[in-house]
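Q: I would like to learn how to read a model like this one, feature by feature. Can we take the structure and work through it together?

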Amino acid sequence: MTPRLLLPASCLLSLLVVAPACGGRLPKSEPTRESGQSGLMNETFAAKNACNPDNHLRPFIIEWDATDRSSFESYAANDVVVVRYEGCNMVVLEECRNDSVRGEQGAYKPVEWTSGALEKINISNEGELSAKLPLSVGTLGGRVSGGEKFSMEYYVAGTRTSTRPTVYRDDLKDNPGCEGATHFVYGYNLGAFALGSVNELNVEANASLYGFGVDGKNSRKRSADKQGGDLGTCKSDAATEVEGCKSPIRLTLRPIRDGENPEVAAMQAPDTPEAMNAAGMVNLKMEISELARSHYESAQAKLTARDGKGCLRELDQYDKLEPKRKSTDPKVFFSDTRAKCLMLAGKCDPGKGLLRKNYENTNMASFGPEHVDKAVDHAASLHCQGKMNPRDELIQGFTELTLGANVTKKSGKECEAAYEKVKRNAKAVKPKDDEDHMVIQASRDLYAFAPLCFARAGDCDRAWEVFQAHFPKERLEHVPDKSQHPSVIRSMFEAMVTKCKPKG
C-alpha cells in the first residue's frame, strides 16, 4: 500500500497561497509588480519570449525622437541600415558603413506609395504591449502594469525596401563599427503615428483621437505622449505637405546571415555569360513587344493632340500587354504620360497625384519637395481640363496669360477666359509661403501680363481696360497731384504695352 503524504491543514492553505513554509520545491518568486500582480508570470515561456527578436521582426519605432529619426533617414539615404537587436532593445549601428563608398552594403529603392488608411492599436495589458510594441516595454511597461491604457493611430503612406535581400556576416567583418550586429533593416514604412494614454478604449471605429481627418481637421484632436510625423497631412496631394507623412514608423528586419555572400565568389569567376549574370550584370535595355510599343506611341501622339481619353485608352491596352511595367505604376517612366492624360481627361487631382509620385521616383526628387510641387503645378496648368480647384484654376489662368504675353499669340477670347480664371480666384487663393511665386505673381502682376496678352491678340481697348482695373495704386504715391494720375497711368501703360502705343 502506497503511503500517503499527510500535511497539516495549515500547510494545505499555505500551498494555495504559494507559501514555502511547509517544505517542497516551489517556483522562484519575482518581486510583485507595480500593479500589485504577482511576478510569477515572468518565469513563464510567454514572458521569457515576449521580447524575443525572432518573434518581432516588424517593430514600430515609436521610441525614437526627432533626432533619432533624422539620423536614421540620413543613414538610409546612402546605405542599408544595420542594427543590434536584442530583447526589447534595438540600437542603430551608425558606424557600420563605409563613408567613402556609399551603398557598399546596398541601398533603398524609391518609395512605393500606397493608398493608405488609418490603423489603430490598443494596449490594455503587458502582454499586448510586448506583442504589439516590443521596443516600448522599457518605457511604457511600468505604466501599463500600473493600469494605464494606450491607444495608437498610424497611417502608412509608403514603403522603401532594400536593393539586397540579404546581408552576410563576412560583408561586415572588416568594419569594427559593425561589432554586435544582429539584423539589417530590409525595409521600412513611411507615414505618421501618434500614441497616448486613454481612459477608455471603446472610441468610435472611424474617429481619430489625434487629428487625422479631412484636411487634417478633427474637433476631437488631443495631445499625444509620442508622435512621429503629422497625421493631419497624410491626405494632402502636395509634396511639401506630405513631407509630414514620411516619417519612418515601422521597420522590417532580417537577421544577418553567417558566412560569405555567394555573389562575392560569382564576381571573382571568369567572365562567362553565366558568371556575369550571377554577379548581377543587368541588361538595361527595355524589352517591350512591338504591339505594346505601338500603343504607347499612339498614346503619346494623342497626348500631344490633347486627346486625354483617347490617350488613356491606348495606355490601358499597353498595360494589358506589359503587366510588369504598367503606366499606373509611378516607378515606371510611362506613368508621366498617364498622369498628363488623366489631367486632359478632366481628372486633374488623380493626375497630379500620379505625377508627383512619378517625379519622386526620378532625379527631380533630389531638388526637394518644393521643386516637385512647382513642377506638378506647372504640368497641371498646361494639361488640366474640366473641374479644378481654385488654386489650380488660378495658376492655369496666369500661365495662359504669361504664354499669351510672351510666347504664343492667343485670341482675344482665349485671353479673356484666362483673365477670368485669375480674377475669379485671386482673392480666395492665398500663397502657401513667400516662395509660392505663381500664386503671388498671379495677383501682383495681373495688371501687366493680362494687358500684354490682349495687346498681342490685337485688342488694345481691352488691354487698356484691364490695365486700369489692376494697376497698383501705390505706384502713384510719388505723384501728389491726383489730377495727374490718369496721364501717369496712361504713360506707364504705353511704356509697358508698346503694341498699344500710338504711332507718330
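Q: Which residue with positive phi follows helix 18?
A: In this predicted model, Gly458 follows helix 18, and its phi is positive, near 90°. Helices (H or I, at least four residues) and strands (E, at least two) are DSSP runs, numbered from the N terminus. Residues are numbered from 1 along each chain as its sequence is written. Local features need pLDDT of at least 70, side-chain atom pairs count only at pLDDT 80 or more, totals for chains, interfaces and linings use all residues, and side-chain values use heavy atoms, with hydrogens and water left out.

Q: Which residues of helix 18 are buried?
A: Buried means under 20% relative accessible area, exposed over 50%, and partly exposed in between (1.4 Å probe, protein chains only). In helix 18, the buried residues are Leu446, Tyr447, Ala448, Phe449, Ala450, Pro451, Cys453, Phe454 and Ala455. That is 9 of the 11 residues, so helix 18 is largely enclosed by the rest of the structure.

Q: What do the buried residues of helix 18 pack against?
A: Contact means heavy atoms within 4.5 Å. The buried residues of helix 18 pack against helix 15 (390-406), helix 16 (412-425), helix 17 (437-444), helix 19 and helix 20 (485-496).

Q: At what angle do the axes of helix 18 and helix 19 cross?
A: Axes are lines fitted to C-alpha atoms, for helices over the stretch in contact, and angles run from 0 to 180 degrees between N-to-C directions. Helix 18 (residues 446-456) and helix 19 (residues 460-470) have axes that come within 8 Å and cross at roughly 175°. Angles under 35 degrees count as roughly parallel, over 145 as roughly antiparallel, 65 to 115 as roughly perpendicular and the rest as oblique. Helix 18 and helix 19 are therefore roughly antiparallel to each other.

Q: Which residues meet there?
A: Helix 18 brings Leu446, Tyr447, Ala450, Pro451, Phe454 and Ala455, and helix 19 brings Arg462, Ala463, Val466, Phe467 and His470. By class, this contact has 9 nonpolar, 1 polar and 1 charged residues. Here Ala, Val, Leu, Ile, Met, Phe, Trp, Tyr, Cys and Pro count as nonpolar, Asp, Glu, Lys and Arg as charged, and the others, Gly among them, as polar.

Q: How many residues has the largest nonpolar core?
A: A nonpolar core is a set of buried Ala, Val, Leu, Ile, Met, Phe, Trp, Tyr and Cys residues joined through side-chain atoms within 4.5 Å. The largest has 40 residues, and Val81, Val82, Met90, Val185 and Leu251 have the most contacts inside it. Strand 6 gives the most to this core, with 8 residues. Apart from this core lies another, of 33 residues, among them Ala418, Val422, Phe471 and Val488.

Q: Is Thr337 buried or exposed?
A: Thr337 is found in helix 12 (residues 335-344). Its relative accessibility is 3%, so Thr337 counts as buried. Leaving aside neighbours within four places in sequence, Thr337 is in contact with Tyr296, Gln300, Leu303, Cys311 and Leu315.

Q: Where does Gly229 lie?
A: Gly229 lies in the loop between strand 7 (226-228) and helix 7 (239-242). At 30% relative accessibility, Gly229 counts as partly exposed. Not counting residues up to four places away in sequence, Gly229 touches Gly191, Ala192, Gly244 and Ser247. The C-alpha atoms of Gly229 and Ser247 are separated by 5.2 Å, with the two residues 18 apart along the chain.
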